Amino acid sequence: MDYLFEDQNGTKYDEEQVLQTLKAVGADDCESLFLHSDVMFGNVKRGFSRTAYLDSLYHVFEQLGVRHLIVPVFTYSFCNHEVFDITKSRTTMGAFNEFIRKKEGRYRTMDPLLSLSVPECLRGDFASVSSHSLGEGSGLDILHHMDGVKFLFFGARLGNCFTYVHYVEKMKEVPYRFDLAFEGSIVDERGECIPKTQSIHTACGGVQVAEYYYFEDYLEEKGLLRKEKLGDKFVSCISERDAYREISNKLDQDIHYFLEVPFEEEDLTKIYTMGLHGEKITHC
C-alpha cells in the first residue's frame, strides 16, 4: 500500500482515505473553505520528505474540488516588533498553511497581524483590508460577507485555534476586550517599505480567556460541527453562518461564555498582557 502516514495503532492512510474523510465532514460542499491545520496525523511514511508529504496533502485538497481554499497565515508581526514582509514573513499557523501560502497563484492580504492567503482570483475582494484586523473591512469580515463559506479544522481543534470567535466578539463590542493599535512597517510585493498602524481587539488585562473545547463539543452535539477521526487526530467542519450565529447567541445568553472565569469590573483594564516575559506572541 502506498500510504502517507501510520497511526499509533499501525493503521495506514493514503490520499484516498484522507479525501473521503474530508468529504465525510462536508468539506467539499462549499464555495470557499477556510483551513486551520495541524497535519501530524501519525508517523509519516519512512523516506517521505516533509515537502513530499505536504504536497500529497495539497493534492488531496485539489481533488476535493472546492473553488476557493483560504488559509490564515497570521504573523502578529507588529505585536512582536517585527517588520511584516508580505513575501517572506512566515506564518505561525503551521507548516501546511505556510506551504500553501508559498504556492503560485496565491495572494496574501496586507495585514501585519492576521493576514490571509487567498486564491489570486479573490485578490480584488481582499486587496483593501482595513486597518483593524478584527473589525469591519478586515479579512474575517470580508469572509463573513461571502456566500458558501465553511471552516475546516484539519488536525487542528476548534477549541484552541478559532480566532473567528474574536471577530464576532469585536462585532458585538464585548466589554472584556479593547482596541489596541500597533505601529510598524510593511514590505509589499514590490519590496517597498510602508509605515502602517494596525489595530486588534485584545483581552483586557485582568481577563482570563478560555480554550473552547466545551463550545466545540456543543457544536458537535447540536449536529452543526461534523467530526471524523483521521489517524491520531480529528477533522471537523462547520459552516461560517452556523459558527457566527452560535457564537453570537452564546454571547447574548452569557457574556462570560468564552472566558475561563467571569470578569469583574476591576479586570477591565486596558493593559496589554501578551509577551510580557519575552515570549513570541502568537494569539490575540
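## Basis of the model

The structure is a predicted model in which local features need pLDDT of at least 70 and side-chain atom pairs count only at pLDDT 80 or more, while totals for chains, interfaces and linings use all residues. Residues are numbered from 1 along each chain as its sequence is written, and side-chain values use heavy atoms, with hydrogens and water left out.

## Helix 1 against helix 2

Helix 1 (residues 15-24) packs on helix 2 (residues 50-64) at an angle of about 50°, and their axes are 9 Å apart. Helices here are DSSP runs of H or I with at least four residues, strands are runs of E with at least two, and both are numbered from the N terminus. The axes are lines fitted to C-alpha atoms, for helices over the stretch in contact, and the angles run from 0 to 180 degrees between N-to-C directions. Helix 1 and helix 2 are therefore oblique to each other, given that angles under 35 degrees count as roughly parallel, over 145 as roughly antiparallel, 65 to 115 as roughly perpendicular and the rest as oblique.

Helix 1 passes helix 2 in a right-handed crossing, a term that applies if the near helix is turned clockwise from the far one by less than a right angle, anticlockwise being left-handed. On the side of helix 1 the contact involves E15, V18, L19, L22 and K23, which meet S56, H59, V60, F61, Q63 and L64 of helix 2; contact means heavy atoms within 4.5 Å. Sorted by class, this contact has six nonpolar, three polar and two charged residues, where Ala, Val, Leu, Ile, Met, Phe, Trp, Tyr, Cys and Pro count as nonpolar, Asp, Glu, Lys and Arg as charged, and the others, Gly among them, as polar.

## Helix 8 against helix 9

Helix 8 (213-221) and helix 9 (residues 240-253) pack at an angle of about 120°, with their axes 12 Å apart. That angle makes helix 8 oblique to helix 9, and the crossing of the two is right-handed. F215, Y218 and L219 of helix 8 make the contact with E246, I247 and K250 of helix 9. By class, the contact of helix 8 with helix 9 has four nonpolar, no polar and two charged residues.

Helix 7 is largely enclosed by the rest of the structure, because seven of its eight residues are buried; buried means under 20% relative accessible area, exposed over 50%, and partly exposed in between, with a 1.4 Å probe and protein chains only. The buried residues are Y164, V165, H166, Y167, V168, E169 and K170. They pack against helix 5 (139-144), strand 9 (149-154), strand 10, strand 11 (193-203) and helix 9.

## Salt bridges

The model has 23 salt bridges, each defined by a side-chain nitrogen of Lys or Arg within 4 Å of a carboxyl oxygen of Asp or Glu. One of them joins the side chains of K170 and D179, at 2.9 Å from N to O; K170 is buried at 9% relative accessibility, whereas D179 is partly exposed at 41%. In another, D188 and R190 meet at 3.3 Å, N to O, with D188 buried at 7% and R190 exposed at 65%.

K222 and E246 also form a salt bridge, at 3.1 Å from N to O. This pair links distant parts of the chain, 24 residues apart, since K222 lies in the loop between helix 8 and strand 12 (226-230) and E246 in helix 9. K222 is partly exposed, with a relative accessible area of 47%, while E246 is buried at 2%. Salt bridges that share partners also join R157, E216, E220 and K227 into one network.

Y76 has a positive phi of about 50° although it is not a glycine, and it is placed in the loop between strand 5 (68-72) and strand 6 (84-85). Y76 is buried, with a relative accessible area of 2%.

E173, likewise a residue other than glycine, has a positive phi near 50° and comes just after helix 7. E173 belongs to the loop between helix 7 (164-171) and strand 10 (177-187), where it counts as partly exposed at 47% relative accessibility.
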